[in-house]
Amino acid sequence: MSDPLEVLRRLVSTASVSGGEEAVAGQLEGVMRDSGYKPQRAGRNVFGRLGEGGKTLLLVSHLDTVPVGEGWTKPADGSLLEDGKLYGRGSNDAKGCLTAMVLGAARAYAQDAPAGRVVVAATCEEETSNKGIAELLPLLGDVDAAVVGEPTGLEPAVAQKGLLLLHVTAKGRAAHSAWGVGVNAVHAAGKDIVALSETKFDRVHPVLGVPSLQVTQVEGGTRHNVIPDRCRLVVDIRTTPYYPPAELVAIVRERVSGEVEIRSERLKSVDVDPGHPVVRAALAARPG
């Protein structure tokens, strides 16, 4: 069985910014083959199966990272092991997760094969488009449960907020700013921003709390001396299972005077019963 630390070091040392996962996918494919899988490639995604019959558990995480960026005080290439910690871009999010999933599942089946099957999948572009998992899911067949590898401090995360993106467009009438006879769309959008900032939610999810609603972008005006006739707001709403997207859209429409359009509602909020067998198994497996 491959040494987990050496596998992780190899993966971290292989750059894989979103869209450039080809090399690291090849690395992981080799690790899976050496660990008893018959890995398959689907573009820049890699997956493999262990076991036969029974229920299927999907273990999934992502190959890609965000760019290294500024401010690093230690090498970002996985070359430094210090005080039991491996430093590098992706060592935690999420090549550490993938290393544990690939080698942990292989070891479990080699030592005392559990009933059922496991599918281990490593996806591309999770940090940007989520294109990888969208392409891969139809190839995996039916799964009964899934564990998503993300850094959570080894605390099982049983719920996740969704994402609803809206455009709110305020319209006015353009005119020269010297005459003041136009209708200022930026002023109208400002009133909408204030109204949205005062939105309250009363249904509290036991894990996620209430939805968050933030105006994150404002686009209006073309010249300093022209009263703007259009101003567009981007509204970022992180949803919970207690508020369906359609209800949140209706709440926003009630509060603003501008036109509301849905930009994206693809990412749904999800939760799982904390008593689910997979959650109980994860809790039991925590160290300490």
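View 1. Helices (H or I, at least four residues) and strands (E, at least two) are DSSP runs numbered from the N terminus. The model is predicted: local features need pLDDT of at least 70 and side-chain atom pairs pLDDT 80 or more, whereas totals for chains, interfaces and linings use all residues. Residues are numbered from 1 along each chain as its sequence is written, and side-chain values use heavy atoms, leaving out hydrogens and water.

**View 2. Buried and exposed residues of helix 4.** Within helix 4 (residues 131–140), Gly 132, Leu 136 and Leu 140 are buried (under 20% relative accessible area; exposed is over 50%, partly exposed in between; 1.4 Å probe, protein chains only). These residues lie on the same side of helix 4 because they cover an arc of only 50 degrees around the axis, taken from the directions from the helix axis to the C-beta atoms. Ala 134 and Pro 138, on the other side, are exposed. The buried residues pack against strand 1 (40–42), strand 2 (45–50), strand 3 (56–62) and strand 6 (117–123).

**View 3. The largest nonpolar core.** A nonpolar core is a set of buried Ala, Val, Leu, Ile, Met, Phe, Trp, Tyr and Cys residues joined through side-chain atoms within 4.5 Å. The largest has 22 residues, and Leu 28, Tyr 37, Val 102 and Val 120 have the most contacts inside it. Helix 3 gives the largest share of this core, 7 residues.

**View 4. The surroundings of Tyr 37.**

Conventions: Contact means heavy atoms within 4.5 Å. Lists of a residue's contacts leave out its neighbours within four places in sequence.
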